Amino acid sequence: MRTITWNTGSQCLTYIDQTRLPAEQVSVETRSVTRLADGIQRLEVRGAPALGVAGGYGVALSCLSHQEEMAPAFRESVIRDAAHLRATRPTAINLTWGIDRVLQTALQENTPAAAYAAALREAQAIEEEDVALCHRIGEFGAKLLPDTCTVLTHCNAGALACVEWGTALGVVRSAVKVGKNVSVLSCETRPLNQGSRLTAFELQADDIPVKTIPDSAAAHLMRKGMIDAVVVGADRITPDAVFNKIGTYMHAVCADRHNIPFYVAAPYSTLDLSQKESDITIEERSREELAVCGGKQLMPDGVPVVNPAFDTTPLSLVTAIITDKGILRYPYTELAEHDERVET
Ligand code: MRU
């Protein structure tokens, strides 16, 4: 089953509502851009590659919902919807990338009907490409893992964060597929628990050995020699840093301290070579996400929070970046030079 896809029969977007996992497996079906934008903001659909697909379909939905408008008004409406979608999550570059790719295609057409048809085709192409590229990332990354190993991962960079297979978990799946004996330690990933809810859910479903650990146990387990490699995903990679779920940086620092390889697995579309770490907005999430859990109050009223959704890891701490085009290694001169040379 795909995390996100187009339902051709009822002409709507359908995606798994990740806020309800693991307790309930429910899908959202929508033709509304506003509903989709709200779902992205609430993390019903999340993870950089899945956001790229969602953004692309969001533009197709916008074209569909403005079919009755005349050409100039149609164009303005779709551009406005695209801006609304882009603003939902500022850090994951794939969202903007997917929106812009489909928007550009749609706006080349002369009629709303042709724009919708072109937008839908392009969004479906992004979906199909994601499946293929995750398998390539997996195959490249599998070669880096020892025959028997324990991998630490953070957040969820699996099938649920993509269309299927996954990036970091794609590496694990591909390694298992070629006969390697891989088990996973999944950091719970406070405050929204993508690790304990989603990573554990999808690895268990695939019969891949997984244990959930508190985020704060990672350093201790590294020191005990219980972790052979760290593999995480990315929301954006600039020439100087990897942006990923808050907590990733502390794993990179600890892995460096304990001589454990730290790998980042991400599609090439996650590279943002035109900007620097300092140019990028780190999404700040609500107080409620920290202060309340399962309806239970965790903090006194009135105490403010700092709740960044992502952190940045300098590339000097990243052993290799596993992309769909091959493996990039420190000092990552290809990134600084905007070149596409990679090791395969
Ligand atoms: O806030 P989220 O759940 O969207 O954060 C997701 C992550 O940080 C993932 O690690 C990243 O998007 C890579 S997913 C292949």
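Predicted model: local features only at pLDDT ≥ 70, side-chain atom pairs only at ≥ 80, totals over all residues.

Biologist: Which domains does the chain have?

Modeller: The assignment gives domain 1 (4–134) and domain 2 (140–337); such bounds come from an automatic or database domain assignment. Taken over C-alpha atoms, the centres of domain 1 and domain 2 are 25 Å apart.

Biologist: And how many residues does the contact take from each?

Modeller: Domain 1 gives 25 residues and domain 2 gives 31 residues, where contact means C-beta atoms, placed from the backbone, within 7 Å. On the domain 1 side, helix 2, helix 4 (93–107) and helix 5 (112–142) each supply at least two residues. Helices here are DSSP runs (H or I, at least four residues), as are strands (E, at least two), numbered from the N terminus.

Biologist: What is that side of domain 1 made of, by class?

Modeller: It has 16 nonpolar, 5 polar and 4 charged residues. Ala, Val, Leu, Ile, Met, Phe, Trp, Tyr, Cys and Pro count as nonpolar, Asp, Glu, Lys and Arg as charged, and the others, Gly among them, as polar.

Biologist: Now the ligand. Which residues come nearest?

Modeller: Arg46, Ala157, Ala161, Gly233 and Lys245, out of 18 residues around the ligand. A residue counts as near when its C-beta atom, placed from the backbone, lies within 6 Å of the molecule.

Biologist: Where does the shell come from?

Modeller: Domain 1 and domain 2 each provide at least three residues of the shell. Helix 2 (48–65) and strand 9 each supply at least two. By class, the shell has 10 nonpolar, 5 polar and 3 charged residues.

Biologist: What does UniProt list as "binding site"?

Modeller: The unreviewed entry places that feature at Arg46, Gly47, Ala48, Arg89, Gln194, Asn244 and Lys245. UniProt positions are in the numbering used here, feature names are shortened, and annotations may be inferred rather than shown by experiment.

Biologist: Take Gly47. Buried or exposed?

Modeller: Gly47 is buried because it has 30 C-beta neighbours inside 10 Å. The cut-offs are 20 or more other C-beta atoms within 10 Å for buried, 12 or fewer for exposed and partly exposed in between, with C-beta atoms placed from the backbone. Gly47 sits in the loop between helix 1 (33–41) and helix 2. Beyond four places in sequence, Gly47 is in contact with Asn156, Ala157, Leu160, Ala161 and Cys162.

Biologist: And where is Arg89?

Modeller: Arg89 is in the loop between helix 3 (71–86) and helix 4. Arg89 is also buried, with 23 C-beta neighbours inside 10 Å. Apart from residues up to four places away in sequence, Arg89 touches Ile40, Leu51, Leu95 and Glu283.

Biologist: Which residue carries the "active site" annotation?

Modeller: Asp235, according to the unreviewed UniProt entry. Asp235 is in the loop between strand 7 (229–232) and strand 8 (236–238).

Biologist: Why does Asp235 count as buried?

Modeller: Because 30 other C-beta atoms lie within 10 Å of Asp235. Not counting residues up to four places away in sequence, the contacts of Asp235 are Ala48, Thr91, Ala92, Ile93, Phe243, Asn244 and Phe310.

Biologist: Switching to helix 7. How many of its residues are buried?

Modeller: 10 of the 12, among them Gln194, Arg197 and Glu202. The cover over the buried residues includes strand 4 (148–153), helix 6 (168–177), strand 5 (181–187), strand 6 (210–213) and strand 9 (241–245).

Biologist: What about its span?

Modeller: Helix 7 (residues 194–205) reaches 16 Å from first C-alpha to last, close to the expected 16 Å, which is 1.5 Å times one less than the number of residues. After helix 7 comes Asp207, with a positive phi near 60°.

Biologist: Last two, Glu288 and Pro314. Where are they?

Modeller: Glu288 is in helix 10 (residues 288–291) and is exposed, with 11 C-beta neighbours inside 10 Å. Pro314 is in strand 13 (residues 310–314) and is partly exposed, with 13 other C-beta atoms within 10 Å. Leaving aside neighbours within four places in sequence, Pro314 is in contact with Asp240 and Ala241.

Conventions
Residues numbered from 1 in each chain as written. Contact = placed C-beta atoms within 7 Å.
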